[in-house]
Amino acid sequence: MRKMHSRKASNLLTATFSSCLTHTDKERRYFLDWMNPVSCVEKHDASCRQRNPETGRWIFHIDQYVAWKKSDRAFLWLNGLPGSGKTILASAVIDDIKDGDEAEPQTLGYFYCNFRDDRTTNTAAVLRSLIVQLLQQSKVDWIPMTGEQQESNIKRAFDRLRNLGQQSRDAKPHPTDLEFLRKLLVEASTLVRRPVLVIDALDECQDYSDLVRHLVDLAKDARLRLFVTGRNEPDIQDAFRDLPTLSLKDSAEQMKADIHVHIMGQLTNQKRLSRLPDVLKKIVLEKLLEKAEGMFRWVQCQLDVIMRCKRPDSIRKALDDLPAGLYETYDRIMYSINERGQDDVQIAQRCLLLLVGTFTPLTLDHLNEAMMIEVGQASLNENLGVTDTMDIIASCGSLVTYNEETGIVALSHYSVKEYLVSRPNKIFKSISDMHARICELLITYVLCDFVNEICAKGMDPAMHQHFQANVSNDNTLLSYAILGWKHLEYISDEDPGVMTALSRLNWEFLRNTKKHPVLATQKEGHGYGQPDTNRWLSADVTSPSLLFIPLEHGKPWMVESLVKHHPHLLDVDIAPGWGSPLIFAIAKRPDCLNIFLKPGIHLNRLSSIKSRLYGRDIEGNFQTPISWAAANGNEVAVDFLLSQTNVNMPNDILHTAVSGGSHECIRKFRRHGADVNFTVNSYTPIHSFLSLMSYDERQLLPIVKALIGPLCNLSLQDRTARTALHIALDHRMEDIIPYLLEQKAGLSATATLRPVMWSWATNKTWFPKVRLAALAADQPWTRIKGKVVNATADFQIVEFSVAVTPAYENPNPICTIIVSAILNAKVSFTSKESPGLPER
């Protein structure tokens with residue numbers, strides 16, 4: 001059934017859009033850039049350069065791979081030990097697909113999860129990038145699918161792509177909902193020929209359990225081929241237990257042959273190794289092959305040790321005492337660093353600290369400058385830097401790699417990061433401690449005096465958008481230091497050093513406006529709905545309280561610590577326009593709510609809020625906590641506030657709640673007596689909600705159901721004399737209309753103004769009920785058609801041939817006159833209650 005639907009949708013799209021004009025490259029590029037994909041081309045090219053042309057080709061002849069390649073719908077998981085060359089094999093598979101038979105074209109999408117690049121280690125980035133790659137290669141003009149108007153059957157088949165198009169036009173943040181992205185990837189896969197996806201190093205993704213789960217579902221839902229690599233972790237093995245697997249331990253002979261080729265290549269092409277006597281080369285080859293156990297990484301580490309040996313006797317001793325496995329190898333490297341003296345120890349410790357915890361690639365210059373930082377000092381100590389930056393590489397040994405073309409230094413393998421994180425060392429005590437120490441260093445750096453001069457040069461608005469990169473040839477670390485806030489969310493253990501640094505940072509921002517370009521985001525031309533947290537403070541923040549940065553980026557313990565030591569902060573707005581700490585927590589930090597939702601706090605206090613700062617458009621500049629919780633759909637806050645007897649619930653709370661989009665919040669308010677028929681500007685809550693048109697239709701029905709109950713009067717009309725059913729019909733809410741009809745929702749006489757008012761619905765099974773509702777509405781009304789007697793460019797005078805006078809003795813008197821006009825096929829209304837008419 002799924003297969004037929006996919007083909008039908010693809011054919012339908014091709015037929016529908018083949019005659020459409022091609023949309024501009026600018027439109028496509030804007031949408032694809034907005035998706036924020038990560039390109040892995042550079043990583044792939046680097047992996048290909050590492051791959052010996054004579055290695056890895058055996059995989060193309062393995063039965064599992066051959067079967068996978070022949071199929072149009074298949075899955076294959078390649079697993080192996082750390083350092084066994086899985087990434088190199090993945091690059092070979094990618095090239096094999098690229099070089100495939102032109103007679104049977106395929107569409108390739110690939111992604112490398114890479115612990116060295118923080119952008120590639122989350123599931124959302126993986127899925128978005130693969131979606132973009134497929135859309136880029138699609139021959140179908142998919143841009144119309146992102147539009148608001150399209151055929152209903154196409155709208156149903158590709159509603160996620162349409163919804164995403166609306167989000168991009170509204171300048172909203174790129175999507176991160178994994179379920180949504182997976183289904184969108186399924187949709188995108190139907191727009192290309194024979195899609196193939198290759199994903200390397202699943203286990204290097206920080207949320208790899210989510211990635212694995214969605215890949216299992218993708219294999220079930222999409223007609224495509226998936227090739228993934230990763231270690232044989234128990235949870236990955238459990239998730240993939242029913243899917244085809246290729247284990248490198250079952251290909252030990254092929255792996256040994258590849259390692260043989262790799263060692264011989266090093267003995268031939270590496271300058272120092274090539275000079276060894278042939279007899280010694282043979283011993284090296286035999287010893288390493290014997291102990292390698294399929295691990296290229298282990299072999300390379302031993303070759304690095306051999307290259308540092310200065311005598312044949314030292315080489316033989318090293319070969320007679322080879323370490324067992326990677327961790328013992330790394331133990332020896334760390335021991336050798338300590339043996340070389342304090343210079344190497346201090347250089348290696350500072351650099352490894354940063355390389356393990358960094359969120360961005362670091363160069364030799366970055367690392368050298370970082371070594372000059374002394375926590376708490378206002379200037380860099382140049383005496384702590386190195387005289388030759390290449391000494392950094394020498395000090396760290398085989399634990400790091402250096403790219404001469406880019407100048408980037410990185411940990412040489414993911415297993416190095418795992419080793420340093422999992423084994424006791426003198427660099428950091430834990431992951432939390434690692435991020436705390438880096439955060440201290442980066443805060444100290446941005447507070448240095450020389451940053452004032454850099455900021456003074458960068459005050460020209462033209463520089464703001466480029467400020468993050470290459471701000472100074474002498475102070476390259478600043479481009480990383482302004483991102484230092486990212487480390488705060490990983491500091492899970494209480495740390496006095498971090499709190500001291502944050503206090504200094506806040507004080508510096510308040511007293512020194514020169515540093516604002518570094519500490520605060522410089523917003524230029526972005527919509528208010530976009531995230532604005534790529535510096536320590538948001539662009540619209542002025543005079544922040546000490547709580548702002550911990551609330552924006554930190555852990556709850558940081559906020560709790562400040563409240564404990566500075567209780568007056570609870571009564572101070574965190575910044576002008578941002579409201580109280582409770583207001584901020586309701587909107588953005590639900591994990592901090594328990595700190596503020598306590599008896600004794602002013603729970604009815606009005607806060608001055610510019611809702612646009614929170615990416616919202618809410619009427620009124622002052623909000624109480626309960627109204628704000630309703631507007632944000634925060635169920636935890638609503639529960640607490642409703643449980644407090646001293647909290648005042650406004651009469652219009654349901655109008656506010658419908659904008660928050662939480663049907664559970666609406667139900668909670670109704671249980672506490674909120675009036676579902678309370679009108680604001682002649683609109684009831686259900687009128688307001690159905691008129692919003694800012695939700696996916698599938699999100700509307702639960703909220704409509706929450707609003708409708710025994711006390712909900714569905715016959716009430718808004719100021720244009722439309723009922724809830726009328727509004728739903730006008731907006732073509734096909735999921736809502738049948739439910740309203742079940743609830744006996746009616747129409748007003750305005751539904752009879754035109755005989756073909758809802759012609760789009762005449763074939764729907766429920767439309768006869770609409771006709772009956774319209775017929776019933778027409779009974780107590782009199783319609784009089786007017787005649788235009790005078791018309792100008794600005795107005796028209798319409799004369800009605802029948803005079804209307806009140807008849808007080810009439811049991812059904814005229815209560816209201818509604819004048820309607822059809823202009824450009826749209827109906828507009830004016831309602832007038834005559835002073836001479838009896839009250840309704």
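Is S715 buried, partly exposed or exposed? At 47% relative accessibility, S715 counts as partly exposed, where buried means under 20% relative accessible area, exposed means over 50%, and partly exposed lies in between (1.4 Å probe, protein chains only). The structure is a predicted model, in which local features need pLDDT of at least 70 and side-chain atom pairs count only at pLDDT 80 or more, while totals for chains, interfaces and linings use all residues. Residues are numbered from 1 along each chain as its sequence is written, and side-chain values use heavy atoms, with hydrogens and water left out.

**Overall architecture**

- The protein contains 40 helices and 14 strands; these are DSSP runs numbered from the N terminus, with helices being H or I of at least four residues and strands being E of at least two.
- Of the 840 residues in the protein, 50% are buried.
- Among contacts with a separation of 6 or more, 70% join residues 24 or more positions apart; contact means heavy atoms within 4.5 Å.

**Nonpolar core**

- The largest nonpolar core has 246 residues; such a core is a set of buried Ala, Val, Leu, Ile, Met, Phe, Trp, Tyr and Cys residues joined through side-chain atoms within 4.5 Å.
- Within this core, L352, W536, F669 and L747 touch the most other members.
- Neighbours within four places in sequence aside, the contacts of L747 are T723, L725, H726, L729, W758, V770, A773, A774 and A777.

**Helix 22 and helix 26**

- Two packed helices are described by the angle between their axes and the distance between the axes.
- For helix 22 (residues 431–446) and helix 26 (residues 496–511), the packing angle is about 25 degrees and the axes are 9 Å apart. Axes are lines fitted to C-alpha atoms, for helices over the stretch in contact, and angles run from 0 to 180 degrees between N-to-C directions.
- Helix 22 is therefore roughly parallel to helix 26; angles under 35 degrees count as roughly parallel, over 145 as roughly antiparallel, 65 to 115 as roughly perpendicular and the rest as oblique.
- The crossing of helix 22 and helix 26 is left-handed, a term for a near helix turned anticlockwise from the far one by less than a right angle, with clockwise giving right-handed.
- Helix 22 contributes A436, E440, I443, T444 and V446 to the contact, and helix 26 contributes G497, V498, A501, L502, R504 and L505.
- By class, these contact residues are seven nonpolar, two polar and two charged. Ala, Val, Leu, Ile, Met, Phe, Trp, Tyr, Cys and Pro count as nonpolar, Asp, Glu, Lys and Arg as charged, and the others, Gly among them, as polar.

**Helix 32 and helix 33**

- Helix 32 (residues 625–632) packs against helix 33 (residues 635–643) at an angle of about 150 degrees, with the axes 9 Å apart.
- P625, I626, A629 and A630 of helix 32 meet A637, V638, L641 and L642 of helix 33.
- The contact of helix 32 with helix 33 comprises eight nonpolar residues, no polar and no charged.

**Helix 34 and helix 36**

- The axes of helix 34 (residues 653–660) and helix 36 come within 9 Å and cross at roughly 25 degrees.
- Helix 34 is thus roughly parallel to helix 36, and the crossing of this pair is right-handed.
- The contact involves L654, H655, V658 and S659 from helix 34, together with P685, S688, F689 and L692 from helix 36.

**Loop residues**

- S715 lies in the loop between helix 37 (697–707) and helix 38 (724–730). S715 and L725 are 10 residues apart in sequence, and their C-alpha atoms are 8.9 Å apart in space.
- P361 is placed in the loop between helix 18 (342–357) and strand 6 (362–363) and counts as partly exposed at 38% relative accessibility.
- The C-alpha atoms of P361 and D117 are 6.7 Å apart in space, although the two residues are 244 residues apart in sequence. Neighbours within four places in sequence aside, P361 is in contact with H366 and I408.
- S543, in the loop between helix 27 (516–519) and helix 28 (548–553), has a positive phi of about 50 degrees although it is not a glycine.
- N681, in the loop between helix 35 (663–671) and helix 36 (685–692), has a positive phi of about 55 degrees and is likewise not a glycine. N681 is exposed, with a relative accessible area of 57%.
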